[in-house]
Amino acid sequence: MVFRKPPDGGWGWVIVVVSFFTQFLCYGSPLAVGVLYLEWLDAFGEGKGKTAWVGSLANGIGLLASPVCSICVSSFGARPVAIFSGFMVAGGLMMSSFAPNIYFLYVSYGIVVGLGCGLLYTATVTITCQYFDKRRGLALGLISTGSSVGLFIYAALQRELIELYGLDGCLLIVGALSLNILACGSLMRPLESSSSPPPEKMFVDKVPDQYFVYHEKEKTVEENISILEKGYIDEKCVNNGPDCKQDSILNKNALSSINVNEKDTYKKKVVEQTNFCKQLAKRKWQLYLTYWKETMVLFKNKVFSALFVAILLFDIGGFPPSLLMEDVARSANISEDDYYMPLISIIGIMTTVGKLILGILADFKWVNTLYLYVTTLLMTGVALFAIPFAKSYLTLAMLSGILGFLTGNWSIFPYVTTKTVGIEKLTHAYGILMFFAGLGNSLGPPIVGWFYDWTQEYDTAFYFSGFCVLLGGFLLLLAALPCWNACTSQSSKLPPNTYSYKVASNS
């Protein structure tokens, strides 16, 4: 399918609006799952580590399955995938209201809702990139705030629905709201023009003539045609009796004259299809080999290797507060009368502010995006170390706002990846990094919950989280030091397709 030039406007702004609401509706409940987490703890009586798996799966499974999500959107298009995923998210939320145990929630809420969110994220980003080129950064920034606004609103909404209708009623209503994704998905009109010739036909036309010479295939075709001729003559002899000899001679002559061209055409078609399959299999195998070679080249880049470790450790340590902060407040014996706003809502609104401000800072030429990202990691680690010392709602609210703002560094992460590996390798590298980010999202909350089950307090858990984030930040800072560039310039030349990060972004 041939795509037209991105219009950078027009119907593209409708795509931005519906993509914003799609991310708002699908990510609102999973990101604000901390409110539901408290209810599941009371309802099922399981440990905090085991219960935390529900929210971590819902937020991590979409990133872990990002390669599969990309293949689905590429194969079927953004609109069908968005509509199908809307049913997945709504159905998973409604099924969760009937969950008899925590294991049922692993499937209904963790896997079904999480996979639906991953598909919707890929669909919204893909369709937005198709409609925008010059304003692509602005468009992607606008739709990415949908999840943060959803976190802010759904945290208060789910708490209110639980008080009015209970946990089951809350999940049913939230699932019904998610059905609006179907309306948003139906407006994702693909940006396509007339269809191009089928790829199979183009590949077959390009098969060289020398591949058409296969003696075994020719022999097999001739034998099949001889059998057909013999069967036809025998049938005529049985039906016509003594006249069969004369008819057989005439029919043989007729068949021989008619089947000359048919044999050549059939032989050519068989050989064409056989060699097309061989060439396609060989091409696919070469693509797999190329993919792994490029992956190994990426990991030879010391900054990329440090970046992959940093994003993994950041999500292991930095994601749990958005899930567990409400339980931290309850463990600190903070009265509900002191609550002016849910802590998760504060994290959500400050994440939106952080995405916008950090994204604007990254556009300035005098700002080094890698150092900016490292700064957010180090500050996040310090804020996590401070959580055990917070014993009032005010201090927890301040720390929630700081952590939410720093979590907005997701908006500059693509900038850092591009500077590290180059625009040519961005898609490949970003997919690998998102996989490890999803792994960190999935492991972080259960690890913190297990620390609580082991020590019966959150202090050790958040010391561990802060240590993970600080370690990732220091490793990335060490890999990006200017002295490495000097050592690299004095050493032998880098192999082709190997990228090194230049710390001075102005140079």
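1. A residue is called buried when its relative accessible area is under 20%. The model is a predicted one, and in it both tyrosine 458 and phenylalanine 462 are buried.

2. By the pairing rule, the count of aromatic pairs comes to 13. One of them joins tryptophan 40 and tyrosine 109, whose ring centres are 5.3 Å apart with the planes at 75°, so this pair is edge-to-face. Because tryptophan 40 lies in helix H2 (residues 33–44) and tyrosine 109 in helix H6 (residues 102–131), the pair ties together parts that are 69 residues apart in sequence. Both tryptophan 40 and tyrosine 109 are buried.

3. The rings of tyrosine 458 and phenylalanine 462 also form an aromatic pair, here a tilted one, with 5.9 Å from centre to centre and 50° between the planes. Elsewhere, Phe20, Phe21, Phe24 and Tyr154 form one aromatic cluster.

4. Two charged side chains lie over ring faces: lysine 48 over tyrosine 452, at 4.5 Å from the ring centre, and arginine 189 over tryptophan 11, at 4.3 Å from the ring centre.

5. How many disulfides does a search of the whole structure find? The search finds zero. For cysteine 69, the closest cysteine sulfur is that of cysteine 72, at 6.5 Å, which is too far for a bond, and cysteine 69 is itself buried, with a relative accessible area of 0%. The sulfur of cysteine 117 is 4.3 Å from its closest cysteine sulfur, in cysteine 26, and this too is too far for a bond; cysteine 117 counts as buried at 1% relative accessibility.

Definitions and conventions:
Residues are numbered from 1 along each chain as its sequence is written. This is a predicted model: local features need pLDDT of at least 70, side-chain atom pairs count only at pLDDT 80 or more; totals for chains, interfaces and linings use all residues. Side-chain values use heavy atoms; hydrogens and water are left out. A disulfide is a pair of cysteine sulfur atoms within 2.5 Å. Buried means under 20% relative accessible area, exposed over 50%, partly exposed in between (1.4 Å probe, protein chains only). Rings of Phe, Tyr and Trp (its six-membered ring) pair if their centres lie within 6.5 Å; planes under 30 degrees apart count as stacked, over 60 as edge-to-face and the rest as tilted. Helices (H or I, at least four residues) and strands (E, at least two) are DSSP runs, numbered from the N terminus. A charge sits over a ring if NZ of Lys or CZ of Arg is within 6 Å of the ring centre and within 35 degrees of the ring normal.
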